[in-house]
Amino acid sequence: MSEENSPPRRFTGHLLFVLDLTGTFVFAIEGALAAMRGDLDFFGLMVLAFITALGGGIIRDLLIGAVPPASLQDWRYGAIALAGGAAVFFFHRLLLVVPTQLIMLLDAGGLALFAVAGAGKALSFKMHPFIAVLMGGITGVGGGTVRDVLLMQVPTVLRADVYATAALAGAAVMVVGMRLNRSPQAMAVLGALVCFTLRVVSVWLHWNLPKVMGQ
Amino acid sequence: MSEENSPPRRFTGHLLFVLDLTGTFVFAIEGALAAMRGDLDFFGLMVLAFITALGGGIIRDLLIGAVPPASLQDWRYGAIALAGGAAVFFFHRLLLVVPTQLIMLLDAGGLALFAVAGAGKALSFKMHPFIAVLMGGITGVGGGTVRDVLLMQVPTVLRADVYATAALAGAAVMVVGMRLNRSPQAMAVLGALVCFTLRVVSVWLHWNLPKVMGQ
Amino acid sequence: MSEENSPPRRFTGHLLFVLDLTGTFVFAIEGALAAMRGDLDFFGLMVLAFITALGGGIIRDLLIGAVPPASLQDWRYGAIALAGGAAVFFFHRLLLVVPTQLIMLLDAGGLALFAVAGAGKALSFKMHPFIAVLMGGITGVGGGTVRDVLLMQVPTVLRADVYATAALAGAAVMVVGMRLNRSPQAMAVLGALVCFTLRVVSVWLHWNLPKVMGQ
């Protein structure tokens with residue numbers, strides 16, 4: 001991995017790298033489950049696992065000019081994503097035992113990590129703060145959006161509840177904190193907590209964003 | 001904004017920059033209206049406004065190697081796009097008063113500006129003239145195409161009447177003129193006029209491109 | 001065309017360049033036929049021909065950082081793709097005479113060439129071997145995937161039989177051979193043969209990949 005592409009990795013450190021791979025694994029499992037519901041074969045399932053897990057980061061990297069994207073330079077990302085897909089293919093019965101609540105919590109965790117890491121990487125590539133927040137959001141929801149398009153569904157994220165909004169909020173905390181010269185580690189933790197909490201609370205309280213009134 | 005990315009801005013000058021932002025605003029409004037019809041929430045509406053307005057230019061910049069894309073470097077583009085989305089969200093009743101004919105004229109104007117600016121930028125990045133015309137077309141119709149895909153509709157532009165064709169014609173005028181060493185300003189105006197006129201006349205006369213015969 | 005982007009061309013040599021353009025032409029014809037079935041007009045048909053033929057290579061080039069993509073730098077690719085589209089538009093009756101079996105063979109040939117050339121180019125851009133195989137697959141199936149999305153169909157490649165798998169197998173042969181320092185030419189031929197044979201045999205024997213069991 002080139003020095004140019006590595007700052008976000010360095011600042012997040014070893015613990016966050018492990019958490020990042022955990023998020024990748026969780027997103028891959030969700031992609032593979034969507035593929036199963038869409039009646040795809042083994043190959044389609046692996047593709048959707050890969051794209052759901054890594055698509056958001058790849059789109060962000062293309063947009064900020066970090067090519068080749070980090071997840072195509074470090075084979076461990078792809079390997080973890082495909083491992084998530086394979087886990088669903090071979091052990092999907094076991095997954096039925098995992099409580100939905102736990103999957104939702106893991107997903108919120110992945111979203112939070114991706115949003116914060118994406119915003120941090122965009123800042124380290126000298127993007128405007130406004131754009132860095134956007135890049136945090138794209139990192140969090142991009143993979144799921146491409147997955148939905150490939151399965152011919154209007155992307156859930158355009159339609160449903162507080163999901164992308166939570167990612168943007170977490171990314172905004174990160175970006176504002178960095179502009180105020182706070183510790184990146186502390187702001188990453190705070191941003192991730194904001195995103196995670198917002199997401200989880202919105203699910204429990206059935207929050208939704210308003211639509212255009214009078215429709 | 002880097003020098004590398006700025007030539008098209010410089011050659012279009014201040015007036016065209018204002019017109020460019022106007023085109024962005026109009027396209028954002030159209031994206032937000034499509035989101036309203038698709039029953040999306042506030043976030044989805046803002047995303048579609050952003051993508052419809054800026055998607056074509058972003059795709060062009062990725063393809064010609066102008067990364068990060070200009071509209072992600074200058075925050076005013078994103079701000080204008082989101083302002084267009086917000087205008088629809090909060091004042092959509094007022095928009096019902098705006099005559100459809102006026103929206104069509106503004107849209108044709110935006111298309112014309114985007115096509116000419118896109119072709120000019122591609123030329124300034126040393127693309128082959130044939131490709132520069134294509135890039136003009138993509139700048140004009142790319143955003144609407146991504147919007148349609150996200151709303152699960154076959155892109156209008158693949159289906160309907162003289163729209164992309166007008167963009168390509170305007171871009172071609174620009175490219176041919178520049179190859180003949182004519183003044184960029186003059187050729188930009190001429191190209192935009194050709195695109196605008198072709199589009200407006202085709203709507204009024206209900207022109208359509210032929211389909212494969214005997215179908 | 002810059003030196004930077006040309007290694008794959010050089011190593012494949014003149015014969016493979018001709019075959020590459022042949023693959024482009026065949027894929028363009030298939031894209032145009034899909035457009036005809038989707039009831040698109042002349043412009044939509046040309047767009048689908050272009051995207052089906054060149055989309056996979058363009059996505060690969062964006063991902064490995066080879067911007068602008070090779071097919072946008074050398075006008076002959078675009079010209080061949082549009083010629084394929086025009087051939088369908090004007091002579092589609094003649095195409096009805098071409099046996100389906102022949103089209104399938106030509107398509108398998110195009111897939112094999114794209115997979116091997118894509119993997120080779122990714123290697124020459126210093127991508128990880130694992131990623132190079134993936135890039136071979138994307139080169140082969142990317143264009144068809146975008147075509148299907150634009151026509152609002154779940155991409156065939158996610159759904160059906162041994163197609164992408166054949167591309168990945170051919171790309172893997174190429175990548176493993178290059179890592180073992182075998183002659184690029186020989187490994188390209190061997191990889192292409194593996195992909196072609198796998199694809200053709202799978203069609204004749206109606207092979208399919210397994211789905212998740214118990215569904």
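## Helices 6 and 8 of chain C

Let's start with a helix pair: helix 6 of chain C passes helix 8 of chain C in a right-handed crossing (the near helix is turned clockwise from the far one by less than a right angle). Helices here are DSSP runs of H or I with at least four residues, numbered from the N terminus. This is a predicted model, in which local features need pLDDT of at least 70, side-chain atom pairs count only at pLDDT 80 or more, and totals for chains, interfaces and linings use all residues. Residues are numbered from 1 along each chain as its sequence is written, chains are lettered from A and ligands numbered from 1 in the order written, and side-chain values use heavy atoms, without hydrogens and water.

The axes of helix 6 (residues 129–150) and helix 8 (residues 164–179) of chain C come within 8 Å and cross at roughly 140 degrees; axes are lines fitted to C-alpha atoms over the stretch in contact, with angles from 0 to 180 degrees between N-to-C directions. The contact (heavy atoms within 4.5 Å) includes C:G136 and C:G137 of helix 6 and C:A171 and C:R179 of helix 8. By class, this contact has eleven nonpolar, two polar and one charged residues. Ala, Val, Leu, Ile, Met, Phe, Trp, Tyr, Cys and Pro count as nonpolar, Asp, Glu, Lys and Arg as charged, and the others, Gly among them, as polar.

## Helices 5 and 8 of chain B

In chain B, the axes of helix 5 (residues 100–124) and helix 8 (residues 164–179) come within 8 Å and cross at roughly 40 degrees. The two helices of chain B are therefore oblique to each other, and their crossing is right-handed.

Among the residues making this contact are B:L111, B:A115 and B:G120 of helix 5 and B:G170, B:M174 and B:M178 of helix 8. The contact divides into ten nonpolar, two polar and no charged residues.

## Cavities

Four cavities of 30 Å³ or more turn up in a search of the whole structure. A cavity is a set of points on a 1 Å grid over the protein atoms alone where a 1.4 Å probe fits but cannot get out, and lining residues have an atom within 4 Å of a point. The largest cavity has a volume of about 40 Å³, and its lining is A:L62, A:V67, B:L62, B:V67, C:L62 and C:V67. That lining has six nonpolar, no polar and no charged residues.

Terms used: On a 1 Å grid over the protein atoms alone, a cavity is a set of points where a 1.4 Å probe fits but cannot get out, and a pocket is an open set with protein on both sides within 12 Å along at least five of seven lines; lining residues have an atom within 4 Å of a point. Grid points are joined across faces, edges and corners, and a volume is the space filled by probe spheres set on the points. Angles under 35 degrees count as roughly parallel, over 145 as roughly antiparallel, 65 to 115 as roughly perpendicular and the rest as oblique.
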